[in-house]
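Here's a quick briefing on a protein chain, meant to be read with the model open beside it. Have a look at the structure, then work through the notes by topic.

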Amino acid sequence: MNIKKIAEMAGVSVSTVSKIMNNYSDVSEKTKQRVLEIIEQTGYSPSNSAKTLATKKSNLIGVIFAGELNVEITHPFFVEVLNSFKKQMGVLGYDLIFFSNEKFVNGGDYFSRCVHFHVDGCVIISGEKMEPAIRDLDMSSIPCIGVDLELKGRKSGYVMSDNFQIASKVVEHFYLLGYRELGFIGSTGDSDISNQREAGYIKAIESFGLTLNPKWFTHGDDFFEPSGYTAMQRLLERGSLPRAVFAASDLLALGAIRALKEHGLRIPEDVAVIGCDDIEACKYTSPTLTTIRQNKERLGVLAAHMLFDLINNQSEGGSFVVEPALIIRESCGSGLNR
């Protein structure tokens, strides 16, 4: 059974059946009832492709993990954001389709693939070493929302935490605990998020009148644990250590702690450490990790509503910056709550 057969049985055109199925008002009530009765009697259910052709909407959202170095679906921070996004998009009537970039890093074309699958919009998860194809998609007619990724297209927007406030909260907490020699472990220099956190950290250090020592600033290749381990090894080899270190992600912080422990150093007695994200593992490490909590559920819900509004021409893009919170645990050696 298909829409053409339904039209023949009802003695109407295919376009009339399509209008009735999609609640158009320019069809007589008598014709509408006759077609609906035939649909009910036959048990006809239109395919998704037929609906897409009729309504020009697929109710599909493309999910892209951007960058040559991307976080993949297992990253604990983005998993929580994406789960929140998925639930809210489901409430709004949408399903998700995931795009791979393994074969499209060099000259890949996300736009043509989005058109091929008739997606109504895309959510783009921040990565590093961004493909030009991401910027092309951002500037296209397809609605896009970036997560931790600034998008500037006319049909785009983005959500992220306030990275300068994140860094400011870290420095303030270190300062109140009496730490004056401060270091930093970031991701690669290609990472806008890491660069923002580092810039905010430097600004906050200077605002407190503290001495900035470039020897205590280092970077890994990404936001993951092995990079934090390697970066801390690099600091250890330089001959002097800061009294406290801010790592631009929890995973970097956990890698740094592993390196410190291997060298017989205690956390926080010898070096205090603060991470960022508040992933679940922070509660169970030894010592438990002081961190900056990003409101992952709120980021996901905001991304969903913003994309929905863009798809339905109810907004013109824009951005939301979500306020972070300091979560104090053992890795700074204080029960102080602020």
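Let's start with helix α9, which covers residues 192–207: its 16 residues reach 22 Å from the first C-alpha to the last, close to the 22 Å expected at 1.5 Å a residue. That expected span is 1.5 Å times one less than the number of residues in the helix. Helices here are DSSP runs of H or I with at least four residues, strands are runs of E with at least two, and both are numbered from the N terminus.

Before going further, keep in mind that this is a predicted model, where local features need pLDDT of at least 70 and side-chain atom pairs count only at pLDDT 80 or more, while totals for chains, interfaces and linings use all residues. Residues are numbered from 1 along each chain as its sequence is written, and side-chain values use heavy atoms, with hydrogens and water left out.

**Around α9**

- The buried residues of α9 are Ile193, Ser194, Gln196, Arg197, Glu198, Gly200, Tyr201, Ala204 and Ile205. Buried means under 20% relative accessible area, exposed means over 50%, and partly exposed is in between (1.4 Å probe, protein chains only).
- Among the elements covering those buried residues are the strands β5 (156–161), β6 (182–186), β7 (217–219), β8 (244–247) and β9 (272–277), along with helix α8 (163–176).
- After α9 comes Gly209, with a positive phi near 75°.

- Two strands pair if DSSP finds at least two bridges between them. Strand β1 (residues 60–65) and strand β3 (residues 121–125) run parallel and are joined by five bridges. Within that pair, Phe65 stands opposite Ile125 in β3.
- Contact means heavy atoms within 4.5 Å. Axes are lines fitted to C-alpha atoms (for helices, over the stretch in contact), and angles run from 0 to 180 degrees between N-to-C directions.

**The mixed sheet**

- The order β7-β6-β8-β9-β10-β12 gives an open sheet of six strands with mixed pairing. β7 and β12 (325–327) stand at the edges with a single partner strand each, so one side of each has no neighbour in the sheet. Direction ignored, neighbouring strands of this sheet are turned by 20° against each other on average.
- Strand β10 (residues 290–293) pairs with β12 in the antiparallel sense, over three bridges. Here Thr291 has Ile327 in β12 as its bridge partner.
- Helix α11 (residues 250–262) packs on this sheet and touches β6, β8, β9 and β10; its direction makes about 155° with that of β9.

**A helix pair**

- How do helices α1 and α3 pack? Helix α1 (residues 3–10) and helix α3 (residues 29–42) meet at an angle of about 125°, with axes 10 Å apart.
- α1 and α3 are therefore oblique to each other. Angles under 35 degrees count as roughly parallel, over 145 as roughly antiparallel, 65 to 115 as roughly perpendicular and the rest as oblique.
- Ile6, Met9 and Ala10 of α1 make the contact with Arg34, Val35, Ile38, Ile39 and Thr42 of α3.

- Ile267 and Pro268 are joined by a cis peptide bond with omega about 10°, and Pro268 is in the loop between α11 and β9.
- Another cis peptide bond joins Ser286 and Pro287, with omega about 0°; Pro287 is in the loop between β9 and β10.
- His118 isn't a glycine, yet its phi is positive, near 55°. You'll find His118 in the loop between α6 (110–116) and β3, and at 45% relative accessibility it counts as partly exposed.
- Asp278 also has a positive phi, about 60°, without being a glycine. Asp278 sits in the loop between β9 and β10 and counts as buried, at 8% relative accessibility.

**The whole chain**

- The protein chain has 12 helices and 12 strands, and 51% of its 338 residues count as buried.
- Of the contacts in the chain with a separation of 6 or more, 68% are between residues 24 or more positions apart.
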